[in-house]
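Visitor: I'd like a walk through this one, feature by feature. Could you show me how to read it as we go?

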Amino acid sequence: MAFQVVFQGKAPIPSSAYFLWKYTVKPDVPPGAPIGQRIALALPGDLDIQNPQQFPSVPELAGMFLQQDAASTRQYAGRVVTTAGPQSLNLVAPAAEAAAETLLVTRTTGPSWVVTPFVTEPGSTPNIVQSLTAPAVASAAQPAHHGRPVTDFVGALPYATEMFGIYQSLAGWLGQQATQRALSSRAETAAEGGTSTTEGVWRELTAMPRAHALLSSTTDASSTPNAVFSPVGLVNIFREYFFEFDTFLGVPAGHVWISPGGSVEVIEVSTRRTLVDKTVEQSEETSRKVEETLTAQEDIAGAVKEDNANDTKLGVSASGGGSVGVYHAEASASFSTGTTVKKASETAHKHTRTQSSKVASEIKRNFKTTFRTVTETTDTTSRRYVVQNTTDKLVNYELRRKMRKVGVQLQHIGTRLCWQVFLDDPGRDLGLGDLLHVVPAPDLSALRKPERPAPLEPKTTEFDSAYPLRKFAGSNPDIGANVTFYNHAHDSDEIISTGNDMHAHAISEHSAPPPAPGYTLDSVAFVRARSAGAEVPFRPQFPIEVLDSPGNRFRVIADFFNSGDGHLLTLSFQLTWKPPADDPAQTQFQQDMRDYELQVAEVQRQAWVTAMRDRLVLASSMQPRPSGDLRGEERQTVYGALIRQLEPAPDPQQPPELNRQVEAELIRQIFDVDEMLYFTAPDYWRPSTASTPPHAGPTTVGHYPAPLGPTPLGPDQLLGQTMASWYSRTDFENAIDPQLNATRQYRVNYLITEDTQPAPKGSSLGWLVQLDGDERRNEFLNASWVKAVLPIRPGQEKAALRWLADAQVEGEVGLDLPYQWHAGDPSDPLDPPDPPSYQGLTRGQVLDRVAEELRAANTDLDNTLAADKVFEHGFDPLDGGFRPAAPYQVCDQWIEVLPTDQIVAVEVSYDPKTGQQV
């Protein structure tokens, strides 16, 4: 016997969040299951099925049961058979449904269920497992509420705006300024052939057929090789509007529960990261300075403004007392303003969506809220909430953050014709801020300086030595007392008495002890002679000879003496001693001084390293100057370099300053210099000046090498006491060459400590870093060149073209070539065709028409009013969110969700079985 199980549907249970699910079990052979048998559906154990006995008021649940076992993966919802025939099986569960693997089981006696094959459709094959409509695993999700639709805010006025632009070069005109700059190296090599100036190369190039072939080779903007030589381009100005829409509750930020009759005091401490712990939070924040600045913003409009002010990819110009950031787009071979507006709107859409999304995500990480449940508090500066539970049930509250919904729209507000020119080494004339940090004198009080011993001097000593009276061999008689000896030949050892009958030895050798170690005998002076205590005459041969100075021996030769008692004479001498050449005390002193100087050098080195560490910490925490001031200096530098580059040949009849003044006034009359913008090329676009090509070596130094140590004062009294950039140091690591040998690999590294903030961008590239500059200033300082873009004043478009076409400025090369009419792509709304009137014209003629169109559009009052219509009519929803920009129309729209620092307590309840919120 087989059964068919049919799902009959579900119905809500009054006064309950649950539904009544109805199933019917039909036997294929009557009468079906026997009376008294238990029959049930074995459903997955993770389904939210309720006990039917909890719903006694529902008649369909009479006789139904629910058997659940925590150790089993199944739960059994069924009934006891009381009548023959089809059986109704009803259960209680949430409304959400899904397909579930289901079994049909029966049991007559005993604890075990018996699986019975069944079908879900007549004629199908019976199986013990079937897929059957059943309650879903999770409870039904409530529709999310994120505020009212945007159509409810039609007419709302913007609370903030931000302007920026998209710049595109117009390829096809070979400008003299850019081409001469590009061919400067060619001018040097051509000097041997007679062409020694870039002007000569320019004349040579304009006479070459290849120049015209280059200009007419292609019209594809993405591959036009001469776009960088074009002196003109278009900048499309856009304005971002920010609208305040709705508020709603976001994700939970905390949770509290209150027992019946209890109360809890919730203290909300809303803290900005920089106020909690400045040191710790800065170390977490400063992945880059821009990001740290943005996270201090509460509003997306302010964050976007700061992002634009610090974006290094942005050209900046001043406009109406503010600044307009201009982003660089790809060059365009089409001169049509409609094409450039649509392409610019696409670039603006990509940038603003990315920018606002990034800013919003950073703001979401801005707030940090801590909740504490306490019985008493003394923090009077925090927000305090007292929540009471007056019911007889446990109450749960979710603390949810209040969110803002901000609408953003993008509108095209105008197109300007511009002149672009390249200038080399733009940051050369900008000075750097010197961090004045005097290194204190090291503390040497713990070191004992050795005292220099007195120098050794010659010494004089008295010395007595015996002079024995000895009869000369072979002579008679013996030496008697009181006999005078005087007959003596020079250097002879024999001396004869006055009676010529006694002969005695005249020579005697003596050895004296030194007065101190190392002293040697220098000279000997005779003093007196004594015999038996009485002084007797004695005259030695002079000088007394020193036989062995190191041995301190000397020889005395008598020329005359009296024999005294006839046995022994005692001679007294005055000895002069030379000090030793190497004084041990001096040697020890010099060794002690060397040790002392090494100790002093180590103390000085440690003091200098400490000072260097302090400098690095001070430099890394240096606050940048206002971006407006930095951009103003850069703009003035670029403008001054432009005037010098355009300066004609000096007129001997006029002072040089007058020539510059006339040129500057002429430029200001045609071009809006105050709105001049510039794009920098970073240092890595050229071979780095921080190392010797191709790689760094042991003698390589960076832009700002670290000082070697304390130096004596010289002409510069602050030498070694200031710091103008981030310190660099040449060091090496071992690298393995192809022969597996360790070789030194030199690099120009930068110095950091565990307390310094992350080094500025460009440190690994060897950039010169301004301590109080921002990222854009450092890029400007290390730029190999800058592209300056000067917008033409409205109404002066044709006059500007005539001035640019002058041979002394940009020339007319390329303007006489045929204009390549752009047919566009019918399938791409962002690539429309050029106006038909451009066909058959030269590039110069088309450019004149573009200038006339822009002159008319920029001086039309209706366009001015159209650009400001949002301020008059307010928010107007844009269908689809984006469309290719038409002049002076809104072209883009999106929504941003931002957190606030406000918290709302919301009562919630949870299912005790599943733990899910209901």
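**Reading strands, burial and backbone**

Guide: Let's begin with a strand pair: β25 (residues 520–531) and β30 (residues 568–578) run antiparallel to each other, joined over nine bridges. Strands here are DSSP runs of E with at least two residues, helices are H or I runs of at least four, and both are numbered from the N terminus. Two strands pair if DSSP finds at least two bridges between them. Before going on, this is a predicted model, where local features need pLDDT of at least 70, side-chain atom pairs count only at pLDDT 80 or more, and totals for chains, interfaces and linings use all residues. Numbering starts from 1 along each chain as its sequence is written, and side-chain values use heavy atoms, with hydrogens and water left out.

Visitor: Which residue is the bridge partner of F526 in β30?

Guide: That's F573.

Visitor: And what is the strand order in the open sheet?

Guide: In general, strands of a sheet pair through backbone hydrogen bonds, either parallel or antiparallel. Here four strands make an open sheet, ordered β20-β30-β25-β26, with antiparallel pairing. At the edges stand β20 (459–468) and β26 (534–536); each has a single partner strand, so one side of each lacks a neighbour in the sheet. On average, neighbouring strands of this sheet are turned by 40 degrees against each other, direction ignored. For that angle, axes are lines fitted to C-alpha atoms (for helices over the stretch in contact), and angles run from 0 to 180 degrees between N-to-C directions.

Visitor: Let's move to β12. Is R239 buried or exposed?

Guide: Buried means under 20% relative accessible area, exposed over 50%, and partly exposed in between (1.4 Å probe, protein chains only). R239 lies in strand β12 (residues 232–258) and is buried, because its relative accessible area is 11%.

Visitor: What lies 3.0 Å from a polar atom of the R239 side chain?

Guide: The backbone oxygen of A867 does. A polar contact is a pair of N or O atoms within 3.5 Å; within protein, one must be able to donate a hydrogen and the other to accept it, and residues adjacent in sequence count only if both atoms are side-chain atoms. If contact means heavy atoms within 4.5 Å, then, leaving aside neighbours within four places in sequence, R239 touches residues including E162, Q411, A867, D868 and F871.

Visitor: How about F242?

Guide: F242 is also found in strand β12, and counts as buried because its relative accessibility is 0%. F242 and E162 are 80 residues apart in sequence, yet their C-alpha atoms are 8.6 Å apart in space.

Visitor: Which residues have a positive phi without being glycine?

Guide: One of them is N482, with phi about 55 degrees. N482 sits in the loop between β20 and β21 (484–488) and counts as exposed because its relative accessibility is 58%. Another is D491, with phi near 70 degrees. D491 lies in the loop between β21 and β22 (494–497) and, at 47% relative accessibility, counts as partly exposed.

Visitor: Where is the cis peptide bond with omega about -10 degrees?

Guide: That bond joins F542 and P543. P543 is in the loop between β27 (538–540) and β28 (545–548).

Visitor: How many helices and strands are in the chain?

Guide: There are 17 helices and 36 strands. Of the 918 residues, 45% are buried. Among contacts with a separation of 6 or more, 78% link residues 24 or more positions apart.
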